[in-house]
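Reader: I have a structure to read. Please show me how to begin.

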Amino acid sequence: MATPPIKVILYMQLLSLFIVAFSVIRINCSWDAEEGLLRKRSGVHQRQFDYFKLSLLWPATACRNTTRCCSSNACCRSNSPSEFTIHGLWADYNDGTWPACCSGPQFDKKEISTLLKPLRKYWPSFSCEAVSNCHHGKGTFWAHEWEKHGTCSYPVVHDEYEYFLTTLNVYFKYNVTGVLFEAGYVPSNSEKYPLGGIISAIQNAFHATPELICSGDDVEELRICFYKDFQPRDCASGSIIRSDRLSSGSCPQYVSLPAYGSWSSWTPNSKLNPRVMNRLWQLGDSQSFGFTGLNNHTKAVS
């Protein structure tokens with residue numbers, strides 16, 4: 001019997017190696033799906049997240065230290081944001097940790113081209129600086145949020161467009177700004193509010209305990225947590241009432257919602273809830289505020 005040529009033998013060996021490698025890849029992929037693991041960009045596996053956290057920024061606090069203006073800095077707009085804006089939708093674990101930089105495509109602005117108008121208004125950047133991404137480089141605020149957090153939202157969120165659209169929908173449905181304004185917690189550079197009152201307003205509206213982060217006495221972030229079906233739940237490290245202090249991030253017992261930017265140029269809206277208008281007059285700040293956008297947004301609350 002004739003011996004096969006050396007080239008044929010080498011070809012068959014290479015083909016066998018390819019088949020084995022492909023089988024291993026298929027086995028690993030199936031195992032990832034069955035075990036519910038997320039693959040980090042480094043190749044390390046990490047388990048699926050437990051819940052979502054929607055983090056919102058208070059613009060006046062975020063803009064307080066603005067020193068440079070540019071097209072990407074919303075603090076410098078003539079109509080700068082006047083309500084809580086989106087920081088990000090984060091996948092978190094119940095133990096206080098979170099997955100980050102999971103496998104997935106890099107940020108592509110073209111994927112969210114139809115969402116740019118609401119994103120610029122409700123998910124703006126408050127800085128001129130580029131933000132680090134998961135590829136050892138720097139990019140936009142949106143790129144950072146998608147690559148660090150959005151890629152870890154599988155299997156609830158499957159791609160970049162769905163991540164940003166889902167976040168916008170949750171933001172409008174659970175309208176934190178509208179809830180607080182209705183409860184009388186409105187922007188003021190002179191008034192301080194009890195932290196417990198702000199927390200109670202959110203609890204009464206959404207039946208869940210939020211998280212608050214402060215910079216000094218000023219509210220900087222407010223975070224609402226959700227199960228994977230986007231029903232509200234308590235945040236894993238939610239606020240706990242203590243004898244001398246409400247523990248919620250770095251917040252003192254009394255906090256401020258400072259006024260900034262477009263608050264100073266708006267005029268009062270006659271359609272605003274009378275209770276809120278009365279509160280503004282009591283604070284002596286009613287000429288500084290206007291709420292032309294509030295009524296439209298509060299319709300989304302449910």
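Author: Start with burial. Buried means under 20% relative accessible area, exposed over 50%, partly exposed in between (1.4 Å probe, protein chains only). Here, 45% of the 302 residues in the protein are buried. This is a predicted model: local features need pLDDT of at least 70, side-chain atom pairs count only at pLDDT 80 or more, and totals for chains, interfaces and linings use all residues. Residues are numbered from 1 along each chain as its sequence is written, and side-chain values use heavy atoms, without hydrogens and water.

Reader: How many helices and strands are there in the protein?

Author: Helices (H or I, at least four residues) and strands (E, at least two) are DSSP runs, numbered from the N terminus. The protein has nine helices and 13 strands.

Reader: How many residues of strand β9 are buried?

Author: Eight of the nine residues of β9 (residues 218-226) are buried, so the strand is largely enclosed by the rest of the structure.

Reader: Which strand pairs with β9 over six bridges?

Author: Two strands pair if DSSP finds at least two bridges between them. Strand β3 (residues 51-57) pairs with β9 in the antiparallel sense over six bridges. L57 has E221 in β9 as its bridge partner. Strand β8 (residues 211-215) also runs antiparallel to β9, with five bridges. There, C214 stands opposite V219.

Reader: What do β8 and β9 form?

Author: A hairpin, with two residues between the strands. In its turn, G216 has a positive phi of about 65°. β9 also pairs with strand β10 (residues 232-233), antiparallel, over two bridges. That hairpin has five residues between its strands, and F230 takes a positive phi near 65°.
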